[in-house]
Amino acid sequence: LTAWKGQGIEAAAQGIVSNLPLLTLLVLVPLLSIPFKMGGFFDSILAYLKRYRNSPRKMFMGITGVLFFLGPILNLGSIRIVHDLLKDFRLNAAFLSKAYLIGFSTTILWSPYYAAVGVTLLYLNVSIGDYMAYGFGLAVLFLVAGNVMLGMWARKRDLETDDESGAGITAADRKRMKQLPVIIFSLMLVAIAAESLTQWSMLVLVSLLALLFPLLWVSVSKQWGLLKNHVVEYRNKSVPVMDNEIMMYISAGFFGQSLRDTSFGEGIGLFMTKLAEISFLWFALFILVAMVCVTFVGIHQVVFVTVFATQMDPAALGTTKEILAIVIMLAWSASSVLSPVNPINLLVSGLVKRSSIQIGLRDNGLYLALVSAMGIAILTIFH
């Protein structure tokens with residue numbers, strides 16, 4: 001496309017590096033997990049989950065809560081870690097698929113440390129401080145809705161018992177579990193405050209925090225040898241598995257750059273504007289359905305967002321950048337759960353030994369229909 005537009009190699013190079021800040025975020029954010037591993041937080045999480053092993057409703061609340069907080073830091077690794085903690089519990093497969101996908105899908109809506117939020121805010125030029133009220137508010141609402149629906153599902157199957165014990169939970173575990181949300185929210189607040197003070201890109205700030213937080217932790221704990229071991233493990237295990245994602249983000253940025261100022265790109269913008277003029281509700285539904293459809297056939301959401309977000313003007317659509325961003329993130333979250341070829345769906349499918357269609361449509365279809373309707377209704381009102 002750049003050749004057809006007559007822009008030459010310089011435009012092609014610009015397209016290739018357009019997502020470079022996002023790739024930096026993608027590669028560096030897993031470093032944030034190192035202090036939590038060194039501090040024994042995962043062991044304390046396991047101790048609390050053991051306490052609720054005979055109470056499905058409380059276990060579900062625990063799993064979704066852990067993923068809500070750890071998902072922004074560990075990305076898909078949070079699901080793997082929680083599953084490893086639960087591997088000896090012999091929990092119902094449908095129960096686990098609901099817990100994993102509901103808990104993690106809320107992360108996609110709000111975290112500045114998650115690449116999906118980063119790429120959307122980058123293309124729409126939205127401040128994380130302005131976006132957070134929408135993203136975090138919907139995420140909490142959806143988390144509560146998922147737990148309420150699970151409670152009804154568990155009672156129908158007579159899964160609920162009252163047998164729970166605090167045995168195995170130490171004073172150190174209680175201290176860590178109180179510290180965990182404080183640390184994570186502090187990281188969020190530092191990122192938001194730094195963006196407001198410096199006016200730097202959130203992608204740059206989060207990448208810097210991912211480097212500085214482990215160093216700050218070790219400077220206090222003096223565990224330099226342990227830090228070296230974790231960094232080596234990160235280099236040898238975490239970075240190599242990102243090859244596909246790195247290539248995908250590079251190609252998506254190149255594709256989006258190529259569509260700028262083309263008749264196809266202008267046609268997309270004109271169509272979206274006309275649809276929004278008819279009804280914002282129809283516009284939001286189109287974004288949701290279109291993203292679900294393209295992900296069902298194997299196209300990643302970042303390609304969809306790169307193409308559409310770069311062609312849409314919020315002012316022409318009669319809305320704000322923040323509302324447009326949360327509409328896109330709502331569609332991204334729903335399509336991640338439903339698509340049988342999405343990495344999140346495939347990961348959970350492999351862990352719980354159920355087909356990707358089962359865990360997406362059968363286990364979580366009703367939940368997604370409910371929260372999508374709630375989300376679009378709320379955004380239409382705010383719009």
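Residues are numbered from 1 along each chain as its sequence is written, and side-chain values use heavy atoms, without hydrogens and water. Because the model is predicted, local features need pLDDT of at least 70 and side-chain atom pairs pLDDT 80 or more, while totals for chains, interfaces and linings use all residues.

Me: Why is the contact between Asp-173 and Arg-176 called a salt bridge?
Reply: A salt bridge is a side-chain nitrogen of Lys or Arg within 4 Å of a carboxyl oxygen of Asp or Glu. The N to O distance here is 3.3 Å, so the pair qualifies.

Me: What separates Asp-173 and Arg-176 along helix 10?
Reply: About one helical turn, because they are 3 residues apart in that helix (residues 171-198). Helices are DSSP runs of H or I, at least four residues, numbered from the N terminus.

Me: How do you know whether Asp-173 is buried or exposed?
Reply: Buried means under 20% relative accessible area, exposed over 50%, and partly exposed in between (1.4 Å probe, protein chains only). Asp-173 has 7%, so it counts as buried. Arg-176, at 23%, is partly exposed.

Me: How many salt bridges does a search of the whole structure find?
Reply: It finds 2.

Me: Why is Asn-125 called exposed?
Reply: Its relative accessibility is 58%, so Asn-125 counts as exposed. Asn-125 lies in the loop between helix 8 (115-124) and helix 9 (128-156).

Key. Helices (H or I, at least four residues) and strands (E, at least two) are DSSP runs, numbered from the N terminus.
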